Each structure stands twice: as structure tokens, then as C-alpha cells.
Amino acid sequence: MELLPPNLLTTSTLIHPLLLLALIPIFLVTILVTLTYLYTTLRYHLVLPHHLSTTNDAGKLSPQPPPHIPYAIPFLGSAFSFLTPIPGGYWKALFAFHPRASGACTLLLGGKTTHVLFSANAVTQLFKSRGTSRMVFNKMVMEKGFGVSKEELGKFYGVDDPQNGAEHQQDVIWQNYLLKTEAVVELLGEFLGALRHELAEELKDGGVKEVELYEWLRRHMFTASTATFFGKRILEVYPRLGEDFFVFDREMLSMFFGIPRLFIPKAYESRKKVLDGMEEWHVKTMEECKNSPADPETVKWEPAYGSRANRARQRLYAQLGLTMRGRAAVDLGFLFGISSNAIPTAGWMLMHILDPKADTTLYRDVMEELKSAVNKDGTLNIPELMSLPLLQSIFHEVLRLYVDVLVTRELFEDLNLPIDDGKTRIALMKGGIVMAPSWLGHRDESLWVNPPCEVFHARRFLKVDPETGKPIFSTGGTAGKFFPFGGGRSICPGRVFAKQEILTSLSMVLLGFEFEVLGYVGESGRKRDRFPSLRNGYSGSGVMVMGGDVKVRMKRMQ
Ligand code: HEM
């Protein structure tokens, strides 16, 4: 007996196989995802007990690769969840189920197997190891982040000779012109001159003005540090560099993590704009100096190409045959190194020192310290300034709380690293990628207590000297858990200059001007009640930036 009229019967028998056909891929994907999840979960639970073993025999266990965190999507692995824009969001989700006592884990991130270390012992040993390199990471950031083309990258890394390749020559440049004591003194002298010139223009008629504090400081520090390293010419040829750079700076990581242009066209546009401007600077300035920037060995600083470090780099680019576009892209990387961390660090310090809702004795104590580092002729006593305990404590607390770096290394030999209790060890194979995320050590609840790790505490790094009873600055007991500048052979070559640049900028601003805090503003410029929080951004952004600012009324110090 027919239950349906014949016309409906025909339609339903037609729809049925089509629907089935459409469901097949969904069904297959579901099976694949489920099987992948089941397999990776089983694998994880089979190896985890080994890494958590605390028996006396644990030391005799052979080292094993870290437990591989389960995932459901083949190839992509944990990439989607890792790319959360909430600061610290991925780590919070990870440690909701994965025990920290394991000291390490492995993630699949977009086809790349990456070992993540969070044991202080393991991180310390990684930094000591000679068998690691940052080159793979550097290549990736140059190409994806700063827009160096594959061809130019080939020229830069083409010579695969550790003694003569560009990577080695670059290290020599850092050593000679950025790190040596006389280089730091020279660069700081230039920087202070440039910043003094900038600040002398501010309120010279003795008036009062209202500004957003970080935005104001950022503009002045950027101009002074860019002129110091790159010379003044770049800011004449490309006066909007500062504004355009910070738009790019905000977007850099989304390009580095490979998000396609289709989804973030503005990010790629912002990079193109900066590269166009920097290329124009190179074209004009090279023509003016007839392709021969002043010799870095003989000339200290000059307006066209600035510091010895930059001129030595320009010579290297010419020797490698980089095009003007290629030079602009590699220089964008250097500009990023100079500007993206030091300026927000100084910004956070200034904002916390002036914060009227926090420790009200802080501003008074900082000013007292700063005045003790001023010479009779009004100049700053730099060695004295660098050793002020409270100022150093604030500097380190800002680095602890706001630095979010993924210190990444490629292994060119097998490595066995100890986990915290020293009994168990992890085995990492040659060719693997290892990452030490600063967030995990810098916000380790067991180390940073009273007040808890997420709270800014200006005096966290102060101890009382048992002999004198006076406060002294100390980072004791933080090895492997506090590494804002990275570590080992590839540690930040700008770290000595950075500290001096930040502390002197802060001193000049605080000793030169009086500030009255009017309130906090959000990113849109609207008033808000709370101190600016972290702006959303991907993990690994360096010094994280504030999502908002502090509105102040300022006048020259009487
Ligand atoms: C608070 C300020 C700064 C912080 C927190 C910081 C942090 C870092 C970190 C974490 C690295 C990677 C190190 C590693 O992989 O072990 C790095 C690399 C680098 N930094 Fe800094 N940095 C700062 C300021 C500066 C300044 C002011 C300069 C230049 C004057 C600079 C120049 C560089 C360069 C050129 C590299 C790359 C080195 C290479 O690839 O060999 N940094 N920085």
C-alpha cells in the first residue's frame, strides 16, 4: 500500500541520496576529528605518568619526549586555541588540565611540532646549551612579520657558513656597536641629546597643557631613538614614520602567525605603507651619500644614516646585494627591536609611578631617589641612576608583568633537559623547535606571592640589607623564571642600552615636568574608572601594550 502520493515519493527518493552525498564529507570529517582526538588523548595519558613520577627511582628512568597535548584537527593541532587574543588565555586553558609538574609539553601548531618549557631548570639549561639557534625563528619573523621577500631572504641567509653568513656578521655588529660599554655610552649620549632637544620644545612658554601620557611619551621617545640609530634624515623624508610604525606594530603578529591577507587586509596595508616610506628614505639617502654611508669605524654619528651600528648594517646589506626594498624590510625589523619594547616599558613605569589610586608614597620616594642621581651641574649621574634600588625594582616589575615573549630555539643537536626536581629529564631531538614562554615564569603563582603574581608591586624586587638595614635591589631566586630579554647566546643585544634609555627617559620626564592626573581613558578615548589594562593581542608580543592611557595636565617643573 502506498502511504505517500506518487509526486512526493519521487521527490523524497531524489532528495535522499543528494542529502546523503552532502553528509558524507561531514561524516568523514567527524570521524577524522574524533579519531585524531582519541588517538592524541590516549598517547598523552600513556606518557604523562612517566613525567610525573616522583619515586626515588625516577632518576633512573630514561629521558622521554614531553607529553604531547591532545588535539582534534590534524595538521593545525592546537593552533586555533593558541591564537587567542586574550593575554595569557591559552596558558590558562592549558593548565586547567595539564599538570605544571610535568615541566614541559609538546604542541602541534600549524604543522610545526613545538616543545614548550615551563620548568625553571629546563629553561636555564636550554639557555646554557651551545647546540641551539634562533635562526629559524629569525627567518620566519623577517619573512612573515617584516615582509622580507623570499629572494632577499635567500641573499641574507644564503651563505650557510656560521663564520661568514650574515647572521654571524650581524652578531659582530651587535657586539661592537651595540653591546660594548663604549658603544652604549656613545649611543646614550646621542639619545639623551635628541630627547633633551625634543623635551626643550615642550611648554617652553611656561604654560600648561593636557595630554594622554603614554601617547605623549611614545612620540618623543620614538623620535629620539629613531634619530639616534637611523639618523635624522629618515624623519625628514618620512615624517609620518612614528604614526605609521605603531599601526604596523599592532598588526605585526597577525601576519607573523600567517593569517591570510584576505582576513586582515589592513595589517598588510599598514606594513606596505611603512615599507614604501622606508624604501623612499633609502633611495634618496643612498643617492645623496653616493651609495657610501660614512665609515662606522671613523665617524661616530651622522644625520644621513645615524649610528655606527646602522651604518655597519647598511654596508652589510650592500655587500649581500639587497635591493632598496629588501633593506627597508630588514631595517623595519631593527626599528621594531629598538621601539616596540623599550617605549612601552617606559610608558608603564611612568603610568604606575604617577597612578594616584595606587601606593601614594611611590611618586615621593621615586623623586627622592632621582634627585640623588643628579650632578651639581644638573646632568644625570648615569651609573648612580642605574643602581637606584626602587627605580630598578619598578623597571623589573614592569618587565615581569608586561613582557610576553616566546623565546624560541631550533636544536641542532639532541638535548636532555632536567625537570625541576632534577630527577626526571626530557629528551628533545635534533631539529626540534623549543619555546620558553616568559608568561609562565613571570606569572608563576608559586614564586611571585604577596601580592599575587598578577598584581603590580613596585617594591617586589626590594630586600632589606641585613647589614645596613637599607633597601637593596635583588632578582635572586628567579633563574629560569624571569627572562624578559631572553637568554643564552641569542639574548637581546640591546638590553644594556635599553635599561639606560628607559631609566634616563623616565628621569628627564619626571625631573622636567609636573603632572596632575586627570583620569584614565579607554582605547576609544572615553573616560574609564580603572587603570589601563592590557590591550588584546597574540601571545609573544614582547612588551604588551596598554589598552588606553592616563590623561594628565602637565607643566614645567618649577
Ligand atoms: C625593554 C626593552 C627590551 C626587551 C624586553 C627586549 C627583549 C628582547 C628579546 C626577548 C629578544 C629575543 C632574545 C632571545 O631570543 O633570547 C630580543 C632580541 C633583540 N633585541 Fe631586544 N628587547 C628590548 C629592547 C631592545 C632595544 C632598545 C634594542 C636596540 C637598541 C633591542 C635590540 C634587539 C635585537 C637587534 C634583537 C634580535 C637579536 C638577534 O636576532 O640576534 N632590544 N629583545
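User: How many bridges join strand β8 to strand β11?

Analyst: This is a predicted model, in which local features need pLDDT of at least 70, side-chain atom pairs count only at pLDDT 80 or more, and totals for chains, interfaces and linings use all residues. Residues are numbered from 1 along each chain as its sequence is written. Strands (DSSP runs of E, at least two residues) and helices (runs of H or I, at least four) are numbered from the N terminus, and two strands pair if DSSP finds at least two bridges between them. β8 (residues 406-411) and β11 (residues 433-437) run antiparallel, and the bridges joining them number five.

User: Which residue in β11 is the bridge partner of threonine 408?

Analyst: The open sheet here has five strands in the order β1-β2-β11-β8-β3, with mixed pairing. Its edge strands, β1 (104-109) and β3 (132-133), each pair on one side only. In β11, threonine 408 has as its bridge partner methionine 435.

User: Which strands stand at the edges of the sheet of four strands?

Analyst: That open sheet is antiparallel, in the order β4-β17-β14-β15. Each edge strand has a single partner, so one side of it is left without a neighbour in the sheet; the two are β4 (208-212) and β15 (527-528).

User: Are α7 and α13 roughly parallel or antiparallel?

Analyst: Axes are lines fitted to C-alpha atoms, for helices over the stretch in contact, and angles run from 0 to 180 degrees between N-to-C directions. Helix α7 (residues 166-179) packs against helix α13 (residues 308-320) at about 160 degrees, with the axes 9 Å apart. Angles under 35 degrees count as roughly parallel, over 145 as roughly antiparallel, 65 to 115 as roughly perpendicular and the rest as oblique. That makes α7 and α13 roughly antiparallel.

User: Which helix supplies the largest share of the shell around the ligand?

Analyst: The ligand is surrounded by 23 residues, the closest being Gly337, Asn341, Gly486, Cys492 and Gly494; a residue is near if its C-beta atom, placed from the backbone, lies within 6 Å. At least two shell residues come from each of α14 (324-339), α15 (342-354) and α20 (495-512). The largest share, three residues, is supplied by α20.
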